[in-house]
Amino acid sequence: MNAEALRELLAVRPFEPVEVELSSGQVFHIKHPEKVMVLKNTLVVTDPEKDRVQWTSLIHITSVRKRQLSRRHA
């Protein structure tokens, strides 16, 4: 995935959470677009709850998909 396509996906309003899967199998759960930064060749994902910042090269992104939200049925 290229940087511009990823930026466009993150700019959709209202924002829908997405999962970014890497070639290693690791998955980033992006709940808020302000918690990520897309650079020319790099994705930076922050997780303030775990006090963590992770960098990955865009060439390692194998898929980006909307998160499936579980819904309770009454």
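Two strands are said to pair if DSSP finds at least two bridges between them. In this predicted model, strand S4 (residues 42-47) and S5 meet that description, pairing in the antiparallel sense over six bridges. Within this pairing, Asp47 has Arg52 in S5 as its bridge partner.

These two strands belong to an open sheet of three strands, ordered S3-S4-S5 with antiparallel pairing. Strand S3 (36-38) and strand S5 (52-57) form the edges; each has a single partner strand, so one side of each is left without a neighbour in the sheet. From one strand to the next, the twist averages 15 degrees. Across S3 and S4 lies helix H1 (residues 3-11), which runs at about 145 degrees to S3.

The structure also holds four salt bridges. One of them lies in helix H1, where the side chains of Glu4 and Arg7 meet at 3.7 Å, N to O. These two residues are three apart, about one turn of the helix. Glu4 is partly exposed, with a relative accessible area of 44%, and Arg7 is likewise partly exposed, at 34%.

Other salt bridges involve Arg65. Its side chain meets that of Glu19 at 3.1 Å, N to O. Because Arg65 lies in strand S6 (residues 61-66) and Glu19 in strand S1 (residues 18-22), the pair ties together parts that are 46 residues apart in sequence. The side chain of Arg65 also meets that of Glu21 in a salt bridge of 3.1 Å, N to O. This pair again links strand S6 with strand S1, its residues being 44 apart. Through shared partners, salt bridges join Glu19, Glu21 and Arg65 into one network.

Notes. Residues numbered from 1 in each chain as written. Predicted model: local features only at pLDDT ≥ 70, side-chain atom pairs only at ≥ 80, totals over all residues. Heavy atoms only, no water. Helix = DSSP H or I, 4+ residues; strand = E, 2+ residues; numbered from the N terminus. Axes fitted to C-alpha atoms, helices over the stretch in contact; angles between N-to-C directions. Contact = heavy atoms within 4.5 Å. Buried < 20%, exposed > 50% of the residue type's maximum accessible area, 1.4 Å probe, protein only.
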